[in-house]
Each structure stands twice: as structure tokens, then as C-alpha cells.
Amino acid sequence: MNPKHALHPFLLVLLLPTSAVCGDASVDRPAASYFEDKQRGWFWYEVLPESVKKSQPEIQADQEKPKPDIRPPSDFQAEIEPKTQAQPSTEPQPLSSAWLKQNLEHYLNQAIDDPSPENVAAFYYLQRVMMDKAERFTNAARYVVMSDPQLDETVRRPVATYAANEANHQASVVAERALNAIAAQAGILFFFRSDCPYCHVQAPILAMLENAYGFKIYPVSLDGLPMPNGFFSEFKRDNGQAAMLGVEQTPALFLMKPPKQIVPLAQGALSLEELTGRILLAAKEAGWIDASQYQTTQGIRNTPMLLPAAGSISPAVTQDPLSLIQALQRSAHLGSTP
């Protein structure tokens, strides 16, 4: 073969563009010539990396992205204005009680920081408005209370001296009658210690209670010793009764009604008035005297009380003052005394 002819293929290769030999080059950068990248040598079947293409889900996500709203600003303003107009104003009516509560202190501080005649006068005028409102409310309240016996406290408990004295007298009469009735069926359980000074001063009070109303006193000594003053020398020793009743301090007093009813009165010294008051309350709670009788012993006239049953008044009723008044009046007439 002619050597010249053998060189033709190599010359053709050199004359061809690099892209024809190596495949399509990336469009992002120009193809390097052999002389610039001769270290790589010749790779006739080199596999070039494929260009990165977006996957179908990414393309679809790009297509589904919401496009920004390019409506004119007037359209947005038309949507915002109705919402703004629909919101009620939170500012209270000027010179209302709520407004005065929020702003009176501001006017006071303004007058203190800058005591000009106008600032000081503005505060005092607002204070006058508040005082006039209070006076108007007081006059209306007095008229409403005196017109409705359910609201007038003088119906339940008189305030005039002569009437209050009569109420006290009636209370003492009824209380004495009730205490005599309780003493006929119940006694006082008295826990003491011989070295307890408060027990020593409580004993004479219990003796007075015994003589005045006929209560039977049942003394129990926690340390097994008598009191040095000679009161209640006939006593019983504690055999666990104190622990069973939760006695922690002496003197400890319990109202005891045979065979098994025991009501706590106190763990500490009481005056005669406090002791009889607690006996009456304990008897009422135990059902030994009725509620109306107990109320009379407190110098209070027996009147219905505003104690509506739970759920008897609906939320709709509370929105109308007249309906609310009528519902409360009905509950008072149907209710009972405590």
C-alpha cells in the first residue's frame, strides 16, 4: 500500500470538528481542542453525560403553581373596604361610664403634668359628670329598692333602732325555745386535758349552758386527770374516741344526739353566744330544726330568697332586663329559705 494513502484517514480525523469525533459538546461551554486537552487522549467510544432534564412531576408542579394575582389595586380595595366597614368600633361612647373609666385618669395626669387652666378645668368637668351620673343612679336605686320588697333589706332586717331591738328580742325568744328543744334530745361532748388553760375557762361556760337550757355535758379527759378548778369532776377517760373524731386541739366540743349522730362544734374556746350560735347552726344543718325557725333566731324575717335553680334561666332571658327580673321574681316565689 502506498504510505501516502495510509495517512489519509488520520488527516481526515484531524480536519473533522471535535464535536464530530467526541459527540455533542455541552452548549454551556465551548469544546476544548485536542491540544488543550491532550492528556485525556483519544476515546473513540466515550459516553458523554446526559444533560440534566427536569422530571415530569417537577414540570407539572411548576405548571400548577398559582400565578400571582395581577388584578388592578382597585379590585383589592373593593374587597378590603366591606370587611373594614363591617367591624364595629371598640371605642366607647364619649362620656359614658366605660369612656370615663378609660379616660378620666388620662385627663388627671394631663392636668398634673401641665396644670393649665384648660387642663385642670377639663378634668374637674369630667369629674363633675361622673359625680352627677352617680347621684342620678343613687336616686333611681333608692326608688327601685323602696318600691320592691324583694330588694328592700329593711324588710328582712329593720335598721331603725326600735325595730332592730324588737327583732333582737324576737330572735332571743325563738332561739331560747329552739335551744331548749335541742337540749331535750342532744348533749355536748367535751374533750379536755387537765393541763389545758383554755379547757379551764371553757368549763364554766359549759356549766352556764347546762343550767340555762338543760344541755347534758359529757366530759372526756384525754390525759385521764381532772381539771384543777373542780368543774366536771365526774368524767370518762379517753379510750380512742378523740382519735376517731379527729380531735387535735382542746377544748374540743361536739353536739351529740343519741344514738349515733355527732356534729362538730369547735376545737377551741368559745363564748356562750358563739357556742349557742353554733349549736343552732349545727342543728339546722342536721335537720333538727327547720330553716325558717333558724332564720328567725338570727333576727331576720323569713322571706323568699333569690336562689334560682341551675339552668332555670336561659341565656336569651338574660339579654332582656325585664325578662330577667320576671324570671328572678318567679324563682324567689317558688324557692324556699335556706
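Predicted model: local features only at pLDDT ≥ 70, side-chain atom pairs only at ≥ 80, totals over all residues.

Reader: What span should the 31 residues of helix α7 have, and what is the distance between its end C-alpha atoms?

Author: Helix α7 covers residues 117–147, and at 1.5 Å a residue it should span 45 Å. Its end C-alpha atoms lie 45 Å apart, so the two values agree.

Reader: Which residues of α7 are buried?

Author: Start with the general idea. An α-helix has 3.6 residues a turn, so residues three or four places apart point the same way. In α7, Asn119, Phe123 and Leu126 are buried.

Reader: What do the buried residues of α7 pack against?

Author: They pack against α6, residues 97–113.

Reader: How should I describe two helices that pack together?

Author: Two packed helices are described by the angle between their axes and the distance between the axes. Take α10 (residues 197–213) and α12 (residues 272–286): their axes come within 10 Å and cross at roughly 60°. That angle makes α10 oblique to α12. The crossing of the two helices is right-handed.

Reader: Which residues of α10 and α12 meet?

Author: From α10 come Ile205, Leu206, Met208, Leu209 and Tyr213. On the α12 side they meet Leu272, Leu275, Thr276 and Ile279.

Reader: Now the cysteines. How many disulfides does the count come to?

Author: A disulfide needs two cysteine sulfur atoms within 2.5 Å. By this rule the count is zero.

Reader: Is Cys196 buried or exposed?

Author: Cys196 has a relative accessible area of 7%, and buried means under 20%, so Cys196 is buried. Cys199, at 0% relative accessibility, also counts as buried.

Definitions and conventions:
Residues numbered from 1 in each chain as written. Heavy atoms only, no water. Buried < 20%, exposed > 50% of the residue type's maximum accessible area, 1.4 Å probe, protein only. Helix = DSSP H or I, 4+ residues; strand = E, 2+ residues; numbered from the N terminus. Expected span 1.5 Å × (residues − 1). Contact = heavy atoms within 4.5 Å. Axes fitted to C-alpha atoms, helices over the stretch in contact; angles between N-to-C directions. Parallel < 35°, antiparallel > 145°, perpendicular 65-115°, else oblique. Left-handed = near helix turned anticlockwise from the far one by under 90°.
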